[in-house]
Amino acid sequence: MTIRTILFDLDGTLVDTNELIIQSFLHTLEKYYPGQYKREDVLPFIGPPLYETFHALDPSRAQEMVDTYRAFNLANHDALIREFESVYETIKTLHQHGFRLGVVTTKIHQTAVMGLKKTRLAPFFDCVIGLDDVKHAKPDPEPIYKALDLLQSTPDEALMVGDNYHDILAGKNAGTKTAGVAWTIKGREYLEQYEPDFMLEKMSDLLTIVGVE
């Protein structure tokens, strides 16, 4: 197995946006459903596209809720995001060793780039595929195919790394290898159900997997 291309989810994988996302959901839900949602109630909402999540709650107000969420998220972005252990060093090392690196996220492109810039990761990535860059979001393979095309790569030499079920399933659907991250907010056991090829305890575990010591 030779991996030359590594695709990463953003939120909860490369960047610790958990608190930002939770507060954005709570802010939005408190506005539309006062007193009905607590922190633990919003965990299942993390990952899928926002419109999909809010449409399931109320189709008539879905876009309005997305707009409310995004306004809060943008205003509080830099104050609430954090870095995960060993991510910066690992990504820098992979870049230096010539790996093709891409981000495949259900965030809109502009906000994804903001997060990469804030955590100093932006220079290492050759492509960013956001929700507004594709017709079908993960777990559909379209975002992965688009990233691989831009990186001039193929599924058989690629690895998809993520913290949620739709990351692992997208990788499987596209024919790449997959890696889950044990620091997922939903818990390691939750992610193991989807049988990723690898489970990372910390991001630097990737270096061993791809043969960089």
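The structure is a predicted model, in which local features need pLDDT of at least 70 and side-chain atom pairs count only at pLDDT 80 or more, while totals for chains, interfaces and linings use all residues. Residues are numbered from 1 along each chain as its sequence is written, and side-chain values use heavy atoms, with hydrogens and water left out.

The domain assignment places residues 5–16 + 83–210 in domain 1 and residues 17–79 in domain 2; such bounds come from an automatic or database domain assignment. The contact between them takes 19 residues from domain 1 and 15 residues from domain 2, where contact means heavy atoms within 4.5 Å. The centres of the two domains, taken over C-alpha atoms, are separated by 23 Å.

Between domain 1 and domain 2 there are zero salt bridges, a salt bridge being a side-chain nitrogen of Lys or Arg within 4 Å of a carboxyl oxygen of Asp or Glu. Seven residue pairs, both residues at pLDDT 80 or more, are in polar contact between the domains. A polar contact is a pair of N or O atoms within 3.5 Å; within protein, one must be able to donate a hydrogen and the other to accept it, and residues adjacent in sequence count only if both atoms are side-chain atoms.

On the side of domain 1 that touches domain 2, β2 (15–16), α6 (109–118) and α8 (165–174) each supply at least two residues. Helix α6 gives the most, with four residues. Helices (H or I, at least four residues) and strands (E, at least two) are DSSP runs, numbered from the N terminus. By class, this side of domain 1 has eight nonpolar, six polar and five charged residues. Ala, Val, Leu, Ile, Met, Phe, Trp, Tyr, Cys and Pro count as nonpolar, Asp, Glu, Lys and Arg as charged, and the others, Gly among them, as polar.

### Side-chain pairs

The structure holds eleven aromatic pairs. Rings of Phe, Tyr and Trp (its six-membered ring) pair if their centres lie within 6.5 Å; planes under 30 degrees apart count as stacked, over 60 as edge-to-face and the rest as tilted. The rings of F84 and W183 form a tilted pair, because their planes stand at 45°. F84 lies in the loop between β3 (82–83) and α5 (87–96) and W183 in the loop between β7 (177–181) and α9 (188–192), so the pair ties together parts 99 residues apart in sequence.

The structure also holds ten salt bridges. One of them joins E157, in the loop between α7 and β6 (158–162), to R100, in strand β4 (residues 100–104), 57 residues apart.

| Pair | Distance |
|---|---|
| F84 and W183 | 5.9 Å, ring centres |
| E157 and R100 | 2.8 Å, N to O |
| T93 and E89 | 2.8 Å, side-chain polar atom to backbone oxygen |
| T93 and D67 | 37 Å, C-alpha atoms |

T93 is placed in helix α5. Leaving aside neighbours within four places in sequence, T93 is in contact with L207 and V212.

### Backbone features

The peptide bond from K138 to P139 is cis, with omega near 15°; P139 lies in the loop between β5 (127–129) and α7 (142–150). R120, in the loop between α6 and β5, has a positive phi near 65° although it is a residue other than glycine.
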